[in-house]
Amino acid sequence: MKLAQRALLAALAPGLALGLWIALTTAMVWATLSTQERTLLGDVLEPRIALTLMAWLVCSVLLALLARRLFGDHVEALARLDEETRVQLAGRTDRALPDAGSAQVRGLAATIQALVAQRSALQDDMQRQVQAASQQVDHERRRLAALMAELTQSVVVCNLDGRVLLYNNRARLQFRALSDVPGLAEGASTIGLGRSIYTVFERQLVDHALDTIRQRMARGSTNPSAQFVTTTRNGQLLRVQMAAVLDTPGPVLGGFVLMLDNVTREFEQESLRDQLLHGMTEGSRGSLANLQAAVDMLGYPDLDAAMRERFLSVVREEAAAMGDRIQSLAVSAASGLKTRWPMEDMRGSDLVAAIARRIEALGTLEVRSDAVDGALWLKVDSFSLMQALAYLAARLADEFGIRRAELRLSLADTRAHLDLVWSGQVVSTETVMNWEMDPMRIGTESTPLSVRDVVDRHGGAFWFERERVRHEAFFRFLLPLAMAQEVIDAPVAADATERPEYYDFDLFRMSDQARDLADRRLTELSYTVFDTETTGLDPSGGDEIIQIGATRIVNGRLLRHEGFEQLVDPQRPISAASIPIHGIQPSMVAGQPTIDRVLPAFHAFAQDTVLVAHNAAFDMRFLQLKEARTGVCFDQPVLDTLLLSAVVHPHQESHGLEAIAQRLGIAVEGRHTALGDATVTAQVFLKLVPLLADKGIHTLGQARAAAKDTYYARVQY
Amino acid sequence: MTHKILIADDEPNILISLEYLMKREGFVVTLARDGQEAIDAMLRDPPHLVLLDVMMPRKTGLEVCQEVRAHPALQDVLILMLTAKGRDTDVAKGLALGANAYVTKPFSTKDLVARVRAMLGGAA
């Protein structure tokens, strides 16, 4: 019953009750009277019946007013208070509770108001704390990510399922160099957030190391770790150290950190050293034994001439063999020895720039460095080398008044020349010899090292030359080059404007559920969003893919640093009509790998993910037509942003990529390259997911079912 | 009694010295240039002692050692290993496979003779 009706009822009730009481009393009194008395009473009352009714009416009205007032003060006020309190309970509003009704009701309202205020204060406080805590966590994560990025060792962090949660730039470069097809799409496929580490390492190997760690934990080790060495598919030797990520309380194993070193070269050098040592001892022992025995025999005075000559020839032969052996050992040992001191790979131009800065900072000389071969990579101990050059420059300035010099770097056979050149004053060779052997002293700094020591450390050489024609003199350092493989390993500057997305700690909480993919939520799946550029629009009629671009979405984030982009030689002409659309000229695809090589690489990239494309049926048709030829089958689930857009906005006219992007407020850049389009598609998809959720579509299965029911799904290629 | 000695080594440059040395010391000397030859020679005419090189073609000294110890007719043959392998693990292996003594190259011929005499004296 509505409140207004109840108020009316409450107002009428006292009057009715009064009337009822009068009628009942009259009826009962009437029943006890005799006929005479009834007539008498009738006579008395009859003329006054109007008065009685009037009195009843007046009383009723007065009672109605009173009841109305009481109802308003107690019932209505309470009901309103209840309503308002419910509003406050549902969520925060700025409305004050009604200040009406009886004193008690108003008191109750004030108390509730106080409680509400208290709740608000608590909520605010909690929110502040949560914010502060998450800021702190975010801060720490960033700091950790920054730290990881700077490490020169490769680091990969995984959860117990072997999914990658974090990796640093060094690891990315290392895996890229280790990839089967390093030339393809920059070897993009081997490592990425959410990817399985078991695509790189054998599962048993990692499991064994984890077992070792568990055993050590069981024995009470606080920092359990394990180590293994493995060969990669392309024959490199990796030393992997595994450390546990411990969850508290417990501690229980929550994941693991892998630190990787490519020890291929170290190992090769070590085994070379072993070989040398072996050759030195066992080879020489035999020869020495022959020599000694022959010499002992020669000592016998009664030896006849023929025997003496035979023993002498043994001695000659063995002595010559020993000489040869030592010569060859000396040659190979020299190359092995230079690795003893830990050297770093450094771009030659960076080294020269650092040296020039150091010399200029001393204020002794002005240094030019125009003639520097920028392509050279050196294997150097840059600090000691920098000291040596600064020291030489300082002595030139102090003792010969040289004010200007030049640094030059050039290739010389298998090594590099690093020259400190000056003109004018001639320095004698003896002086230079002294400089080379003296402990280095620069200003107030001194070191027990000499230039000779620094040169020896590099397995290099150092000398002084004069060029009379140009009136120039120079000190020359002969330095080792870094090998090609090492240059691949060297870090390239990452995009400086944004911190690469190399980590996602939320993946710690995810685990490979046994649930069917169709039941998984859209927000927790990993996606490969891709696009192809083609020679034309007719896949069955012989048109071919000329570019594949793809990007990844893991845990609701677009991973811009884990893209895949590869041009493909279609082995047929590109139709002139299509060139303005994708901008790919025939000359650009010439010499690119064919689809036979690219598709397996893309398949590896898309492993364990759901495929997403705009108008996916078109792209999928191209991929399917190549199944027989390439042997790779894209059998994972596919989502189509065109169809999903039609699900979300059924009444819109256009579901073209650009129209959708505009509708969803996405800035479109770099369209009509495969990677550009894939990136836009990925952004569109990320915006569509919450809109789908509003329509009650949460899982992959629901999304696919809804897409299938749209009109657009009926188009066939 | 004249002792018979077999010298097995693939290096002619040591063989010539050892042969001269042992003959001079009054032993009856037979030569073998690889492991198989050494076994054949021993089976033909068991010597009292073998100077056995480890690194030989066809059969290594260690294999010869094992075969000798497995052969009933050759139980009493003394074996002195001569080898360029000087690690203690190699010595242990040689002795474990049945060698009576182990001499690492290079060695003094005087010591070698003394060693041989001591072994034969003990056996006599």
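pLDDT is the predictor's confidence in each residue, from 0 to 100. This is a predicted model, and the mean pLDDT of chain A is 81. In chain A, 89% of residues reach 70 or more. Chain A holds an open five-stranded sheet with mixed pairing. Chain B holds an open five-stranded sheet with parallel pairing. The two chains touch through 18 residues of chain A and 16 of chain B.

**Confidence in chain A**

- The pLDDT stays below 50 over residues 484–500 of chain A. That stretch still has 19 contacts in the model beyond near neighbours in sequence.
- Where pLDDT is low, the predicted coordinates should not be read in detail.

**The mixed sheet of chain A**

- The strand order is E17-E16-E15-E18-E19 (chain A).
- E17 (557–567) and E19 (638–640) of chain A are the edge strands. Each has a single partner strand, so one side of each is left without a neighbour in the sheet.
- Neighbouring strands are turned by 25 degrees against each other on average, direction ignored.
- Strand E15 (residues 527–534) of chain A pairs with strand E16 (residues 545–554) of chain A in the antiparallel sense, over eight bridges.
- A:Phe530 has A:Ala550 as its bridge partner, and A:Tyr527 has A:Ile553.
- E15(A) and E18(A) run parallel and are joined by three bridges. Here A:Thr528 stands opposite A:Leu611 of E18(A).

**Burial of E15(A)**

- E15(A) is mostly covered, with eight of its eight residues buried.
- How are the buried residues of E15(A) divided between its faces? A:Tyr527, A:Val529, A:Asp531 and A:Glu533 lie on one side. A:Thr528, A:Phe530, A:Thr532 and A:Thr534 lie on the other.
- Both faces of the strand are therefore covered, as a residue counts as buried if 20 or more other C-beta atoms lie within 10 Å of its own.

**Helices on the chain A sheet**

- Helix H16 (residues 595–605) of chain A lies across E15, E16 and E17 of chain A. H16(A) runs at about 10 degrees to E16(A).
- Helix H17 (residues 616–625) of chain A also packs on the sheet, touching E15, E16, E18 and E19 of chain A. The direction of H17(A) makes about 75 degrees with that of E15(A).

**A helix pair in chain A**

- Two packed helices are described by the angle between their axes and the distance between the axes.
- The axes of helix H19 (residues 641–648) and helix H22 (residues 700–708) of chain A come within 9 Å. They cross at roughly 80 degrees, so H19(A) and H22(A) are roughly perpendicular to each other.
- H19(A) contributes A:Leu643, A:Leu644 and A:Val647 to the contact. H22(A) contributes A:Ala703, A:Ala706 and A:Ala707.
- By class, this contact has six nonpolar residues, with no polar and no charged ones.

**Layout of chain B**

- Chain B has five helices and five strands. From the N terminus on, its elements run β-α-β-α-β-α-β-α-β-α.
- Of its 124 residues, 43% count as buried.
- Among contacts in chain B with a separation of 6 or more, 59% join residues 24 or more positions apart.

**The parallel sheet of chain B**

- The strand order is E2-E1-E3-E4-E5 (chain B).
- Strand E2 (28–32) and strand E5 (101–104) of chain B are at the edges, and each pairs on one side only.
- The twist averages 20 degrees from one strand to the next.
- Strand E1 (residues 4–8) and strand E3 (residues 49–53) of chain B pair in the parallel sense over four bridges. B:Ile7 stands opposite B:Leu51 in E3(B).
- Helix H2 (residues 35–44) of chain B lies across E1, E2 and E3 of chain B. H2(B) runs at about 165 degrees to E1(B).

**Where the chains meet**

- The contact takes 18 residues from chain A and 16 from chain B.
- On the chain B side, the largest share comes from helix H1 (residues 12–24) of chain B, with seven residues.
- The chain B side divides into eight nonpolar, five polar and three charged residues.

Methods: Residues are numbered from 1 along each chain as its sequence is written. Chains are lettered from A and ligands numbered from 1 in the order in which they are written. This is a predicted model: local features need pLDDT of at least 70, side-chain atom pairs count only at pLDDT 80 or more; totals for chains, interfaces and linings use all residues. Two residues are in contact if their C-beta atoms, placed from the backbone, lie within 7 Å. Helices (H or I, at least four residues) and strands (E, at least two) are DSSP runs, numbered from the N terminus. Ala, Val, Leu, Ile, Met, Phe, Trp, Tyr, Cys and Pro count as nonpolar, Asp, Glu, Lys and Arg as charged, and the others, Gly among them, as polar. Two strands pair if DSSP finds at least two bridges between them. Axes are lines fitted to C-alpha atoms, for helices over the stretch in contact, and angles run from 0 to 180 degrees between N-to-C directions. A residue is buried if 20 or more other C-beta atoms lie within 10 Å of its own, exposed if 12 or fewer, and partly exposed in between; C-beta atoms are placed from the backbone. Angles under 35 degrees count as roughly parallel, over 145 as roughly antiparallel, 65 to 115 as roughly perpendicular and the rest as oblique.
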